[in-house]
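Subject: Structure handover

Hello,

Here is the structure I said I would pass on. My notes on its helix packing, cores and backbone follow below it.

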Amino acid sequence: MVPNKKILVVEDEVAIRDMLRFALQASGFDVEELAEASQVVEIAGQMGPDVILMDWMLPDISGIQAIEALRKSNVTKSIPIIMLTAKGDEQDQVRGLDSGADDYVVKPFSPRALVSRINAVLRRQPTNAEAVELTEDELCQGRIKIDFMGHRVLVDDKEVKLGPKEFQILSYMMKRPDRVFSRAQLLEQVWDSGVIVEDRTVDVHIRRLRKQLEDCGVQDYVQTVRGAGYRFSVIEE
Ligand code: CA
């Protein structure tokens with residue numbers, strides 16, 4: 001029998017912890033809980049969770065500081081982390097992504113949506129596999145296929161014309177599905193480093209990309225994560 005995947009929930013609000021435990025156990029996960037984050041590196045190191053759900057506002061150290069500490073330890077640095085946060089300060093949320101969170105779920109969220117995001121993070125290939133994918137000729141996610149040799153994007157085998165930046169943004173995100181990228185991260189990856197572009201330039205190209213995908217009905221694969229950035233996911237929000 002395959003053992004259940006283990007989730008470590010770091011959340012100070014009892015009501016949210018109860019809701020999470022109930023929903024996660026109902027989906028077949030084992031759940032451990034922490035109400036504060038100062039011991040998280042040690043506890044995660046002993047427990048070896050498959051995913052950590054990290055609240056942002058905690059009574060002792062912040063979720064961000066906790067993530068930074070987890071990323072520094074060799075034992076815990078590769079554990080996927082999903083941040084849970086109330087709609088808040090946009091700057092701070094972007095910091096959350098830059099500190100090393102894999103995905104972001106904004107409160108209030110439906111338990112079902114959260115479980116989908118956990119499963120998506122669990123399915124993700126390890127980081128060292130990403131480099132291998134870069135050399136592949138083709139990449140498929142959901143109904144979209146990218147043919148790198150022909151520099152073409154196909155939806156259900158029908159070609160969709162994309163601009164060069166839209167093609168790059170889509171390829172970059174499709175190679176790393178279910179992961180949230182801040183505008184700054186996308187800028188760094190897709191634009192030349194010498195060029196100064198504003199964050200909102202990314203929004204403009206994302207909007208254009210969605211428009212181009214709309215004719216084939218796959219625009220919802222390119223998702224806005226409120227206050228944080230963008231992700232590619234074939235899982236509906
Ligand atoms: Ca909290």
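In what follows, axes are lines fitted to C-alpha atoms, for helices over the stretch in contact, and angles run from 0 to 180 degrees between N-to-C directions. Helices (H or I, at least four residues) and strands (E, at least two) are DSSP runs, numbered from the N terminus. The model is predicted, with local features needing pLDDT of at least 70 and side-chain atom pairs counting only at pLDDT 80 or more, while totals for chains, interfaces and linings use all residues. Residues are numbered from 1 along each chain as its sequence is written, and side-chain values use heavy atoms, with hydrogens and water left out.

Helix packing

Helix 7 and helix 9 cross at roughly 85°, and their axes come within 9 Å. Helix 7 is therefore roughly perpendicular to helix 9 (65 to 115 degrees; under 35 is roughly parallel, over 145 roughly antiparallel, and the rest oblique). On the helix 7 side, Lys165, Glu166, Ile169, Leu170 and Met173 meet His205, Ile206, Arg208, Leu209 and Gln212 of helix 9.

Helix 2 (residues 40–47) packs against helix 3 (residues 63–72) at an angle of about 50°, with the axes 9 Å apart. These two, helix 2 and helix 3, are therefore oblique to each other. Val40, Val41 and Ala44 in helix 2 meet Ala66, Ala69 and Leu70 in helix 3.

Cores

A nonpolar core here is a set of buried Ala, Val, Leu, Ile, Met, Phe, Trp, Tyr and Cys residues joined through side-chain atoms within 4.5 Å. Buried means under 20% relative accessible area, exposed over 50%, and partly exposed in between (1.4 Å probe, protein chains only).

The largest core has 28 residues, and Ile144, Leu170, Met173, Val222 and Phe232 have the most contacts inside it. Helix 7 gives the most to this core, with six residues. Phe232 is in contact (heavy atoms within 4.5 Å) with residues including Ile144, Leu170, Met173 and Val222, leaving aside neighbours within four places in sequence. A second, separate core has 24 residues, among them Ala44, Leu58, Ile64 and Val180.

Backbone

Lys107 and Pro108 are joined by a cis peptide bond, with omega about -5°. Pro108 lies in the loop between strand 5 (103–107) and helix 5 (111–123).

His151 is not a glycine but has a positive phi of about 55°; His151 sits in the loop between strand 7 and strand 8. Asp156, also other than glycine, has a positive phi near 50°. Asp156 counts as partly exposed, at 47% relative accessibility.

Regards
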